[in-house]
Amino acid sequence: AMLLTGPNMGGKSTLLRQICLAVLMAQCGADVPAKSLKLTAVDRVFVRMGAQDSILAGQSTFLVELSETASMLHLATRNSLVALDELGRGTATMDGLAIAHAVLRHLTGKLSCRALFSTHYHSLANDIWPHNSLSLRHMGCELQTSSKGEEDVVFLYILRHGACPKSYGINVA
């Protein structure tokens, strides 16, 4: 499993999509954009990305997110690939952190499946890592001081070891 942090707009979602696509391509026997790839068969690929609702059916964005996540947790096996992008972000409370924490623990503990988990809940990195089956990574960025004395975020779009210290939301905005 990989816990992925990084700045807003730093490429976390794109990386998750690329990995899922490469897995599907590899399983079909197609060339993948990599120097090399070792992969055992994946029985299913589960992806939860973006915010969507079904208001006409009485389902909020939060309900849809949790329903899809629950389905993944029930159907995934040790041989599945699960990609979750910023689970719980819509809550803006500690509830979202608790949900993300519980799901990540379930994926790395009970299921032990291959998982890609991007988050802005930086405390997850402190609470769960080090865990022998969890790799901690972040999308690289640098801060540069502009001529006006403001800090600007420069996105490097490079996967790096360890956690990103913060999301740089104010800088990005």
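What follows is a short chat about a predicted model.

Colleague: What should I know before we start?
Modeller: This is a predicted model, where local features need pLDDT of at least 70, side-chain atom pairs count only at pLDDT 80 or more, and totals for chains, interfaces and linings use all residues. Residues are numbered from 1 along each chain as its sequence is written, and side-chain values use heavy atoms, with hydrogens and water left out.

Colleague: OK, the sheet. In what order do the six strands come?
Modeller: The order is β2-β3-β4-β1-β5-β6, in an open sheet with mixed pairing. Strands (E, at least two residues) and helices (H or I, at least four) are DSSP runs, numbered from the N terminus. Two strands pair if DSSP finds at least two bridges between them.

Colleague: Which strands stand at the edges?
Modeller: β2 and β6 (151-161) do. Each has a single partner strand, so one side of each is left without a neighbour in the sheet.

Colleague: How do β1 and β5 pair, parallel or antiparallel?
Modeller: Parallel, over four bridges. β1 covers residues 2-5 and β5 covers residues 135-145. L4 has R137 in β5 as its bridge partner.

Colleague: On to helices. Where does α1 lie?
Modeller: Helix α1 (residues 12-27) lies across β1, β2, β3, β4 (114-118), β5 and β6. It runs at about 165 degrees to β3. Axes are lines fitted to C-alpha atoms, for helices over the stretch in contact, and angles run from 0 to 180 degrees between N-to-C directions.

Colleague: Which residues of α1 are buried?
Modeller: K12, L15, L16, C20, A22 and V23. Buried means under 20% relative accessible area, exposed over 50%, and partly exposed in between (1.4 Å probe, protein chains only).

Colleague: Now α2. How far apart are its end C-alpha atoms?
Modeller: They are 21 Å apart. The 15 residues of α2 (residues 61-75) should span 21 Å at 1.5 Å a residue, so the two agree. The expected span is 1.5 Å times one less than the number of residues.

Colleague: Which α2 residues are buried?
Modeller: V64, E65, T69 and M72. They cover an arc of only 125 degrees, so they sit on the same side of α2. Their cover includes β2 (45-48), β3 (81-85) and α3 (94-111). Contact means heavy atoms within 4.5 Å.

Colleague: Switching to β4. What does R114 touch?
Modeller: R114 is in strand β4. Leaving out residues up to four places away in sequence, R114 touches L39, T40, A41, V42, R78, N79, S80, L81 and V82. R114 is partly exposed, at 23% relative accessibility.

Colleague: Last one. How many aromatic pairs does the structure hold?
Modeller: One. F155 and Y157 form a tilted pair, 5.8 Å centre to centre, with 40 degrees between the planes. Rings of Phe, Tyr and Trp (its six-membered ring) pair if their centres lie within 6.5 Å; planes under 30 degrees apart count as stacked, over 60 as edge-to-face and the rest as tilted.

Colleague: Is Y157 buried or exposed?
Modeller: Exposed, with a relative accessible area of 52%.

Conventions
Arc of directions from axis to C-beta.
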